[in-house]
Each structure stands twice: as structure tokens, then as C-alpha cells.
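Dear colleague,

I am passing on the structure below, and my notes on its sheet follow. Please read them with the model open beside you.

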Amino acid sequence: MLNRFAAPLILFIAFVSISCQELEPLDDQLSREVEEIDAYLKANVTDYVAYDQSGIRLVIHQFGDLPPVHKGQKLRARVRGKLFSNGNYFTDVTFNSLLDSIGGPGLQYGIASLMVGGEASIYVPSKYAFGSTATNDVPANSILVYEVKLEGVTRTAVEQERFNSDTTTIRRYIADNNLSGFELHPSGVWYKITDPGNNIFPRVYDGIHFIYTGSLLSNGNVFDEGTLSNTSPFGLIDGLKVGIPKMDEGGSAVFLIPSGLAYGPQGSGTSIPGNANLKFEVELTRVIK
């Protein structure tokens, strides 16, 4: 059951859950463009770079700490697009719309790979931009760079109603069990650091090793436990995406996670019903920078 933690789609350091199409393998032109991008980044960039197997690169200027946008949610973002070749800007737009209405697959993929509140430059090879089609401002076969500030996400009405209900349930669970020391993350996750570590904190794309026990908040039934290695917080359910970066290496924590930041209305397998609030006990054994 360990693979329940991984989002089901595309590899981005770990697994990225996005609504746009899967990106194709590298071809000769794409490989050349990726080499050109990587050479530039190596020579000129000191910020954190996330490398994806598609060839898309994210330079993270500021890490966000809220879950990424998901299908059906509106996002608020400022996007400035420029040509990699000369730095000329061809667009400067503020979006308040669904992800799949924004730009092409490369931009959508990059935005879906950001935590909300984050800022990044997304380097997109031409294959995932305009390809061989030229526009008034973008020549054919142009590598593009999108400067993105992902300001917020709006839940759907159904999601917000469920979130409100889950929050009430978790508050009652804390009160009924006389729990203390829990903090409320802005995402809606409740967490308690039970043991501090060595002050090495993982970023959301860093590699991590951890030991975990997952149980249903409703009845305490354990649905999974074990060890995960060589994964990243971004490859986990949203509640752990935001929770684990609050831990440091060698430390342990408890997370109480609303269903919308876990497995949602669909649940998972036979052990996790729909709209289930979860409890995770986690020991972070290693952080790989």
C-alpha cells in the first residue's frame, strides 16, 4: 500500500498530479534545447532548480507552503512570458481561471508543479510551448521562460463545504481526546512536532526517507504503515506536502489531515473510504538536499 502516497501521474522530482496531458519523451530537437537550458542554468542561476524528465525546468525563487492547484479549482497567478533567446517579453497577464485555460501544456505543467504562494521561472522547450508555429511575438521553435507568481487557489463550492465540515470534525477530535500542542497550518492541516530533529528541513522537492503510520481519524483503524525512501514531499498527498516540510531530519510529528488534502471523495482502495479524515504519525529519518 506504500504507493498510495504517490500522486498517480507524471514524474517531477517525485510525482506531480496535474490535469493536463502527459508530456512525451525527449526527441533530438528537444534534447538540444534541454542541453541549452541546462547549460544556461548551470552558468547563471543560483536559486533552487527542479529538473523534470520532460525537459521542463523550474527555478524556484520563493517556495510556497500551500497545496498546488487541482482540477476544477481556480488559480490566481501573474504570468510574464519572455523569449529564452533574447529576454524579450511577449506577455504579462494576471489569471483568475482554471488551469487548463492557461497557455500551453508546458506552462500548465509548470504551474501545477508549484506550491501555492510560490514564485518561479519555468523554462519550457519549444515542443511544450508554441512548437513550430510562429506568432506575432514568438518565432517558431522558441524556448520560452515564464515568470510565475502563484498567489492563490479557490476551492470549488463542494470542496469548501467538505473542508468546513472536516475542520469541525478535527477540532472536535482534538477536544474530545484532550490533545494539546497541535498547530493549525494555513492549509487546514493540524500538526504537532513530537520530537525535534537536527535543524535540517526538507524543501518540497528534496529527497526524503521516512517511517509512517496512517490511520482513520474516525475509528483509529491503521490502513498503512511502513517506510518510504527516495521520495519527496511533493510526491505525497497534499496534507503531507505541506506537513513534512515543517519537520526536520531526525524529528517526528503527528498530522491530522482533512479529507480534501488526503484522498478526497473517492477514497483509496477498501481501507480508506471517501471523505475520510486521516492521522499520520511520521518520523523523518533522512533529508537529501
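V79 stands opposite V148 in β8. The model is a predicted one, in which local features need pLDDT of at least 70 and side-chain atom pairs count only at pLDDT 80 or more, while totals for chains, interfaces and linings use all residues. Residues are numbered from 1 along each chain as its sequence is written, and side-chain values use heavy atoms, with hydrogens and water left out.

Strand β5 (residues 74-83) runs antiparallel to strand β8 (residues 144-154), and ten bridges join them. Strands here are DSSP runs of E with at least two residues, and helices are runs of H or I with at least four, both numbered from the N terminus; two strands pair if DSSP finds at least two bridges between them.

The open sheet has six strands in the order β3-β4-β7-β8-β5-β6, with antiparallel pairing. Its edge strands, each pairing on one side only, are β3 (48-51) and β6 (89-98).

β3 and β4 pair over four bridges in the antiparallel sense, and Y48 has I60 in β4 as its bridge partner. These two strands form a hairpin with five residues between them, where G55 in the turn has a positive phi of about 105 degrees. β4 also pairs with β7, in the antiparallel sense over five bridges, and V59 stands opposite S121 in β7.

With kind regards
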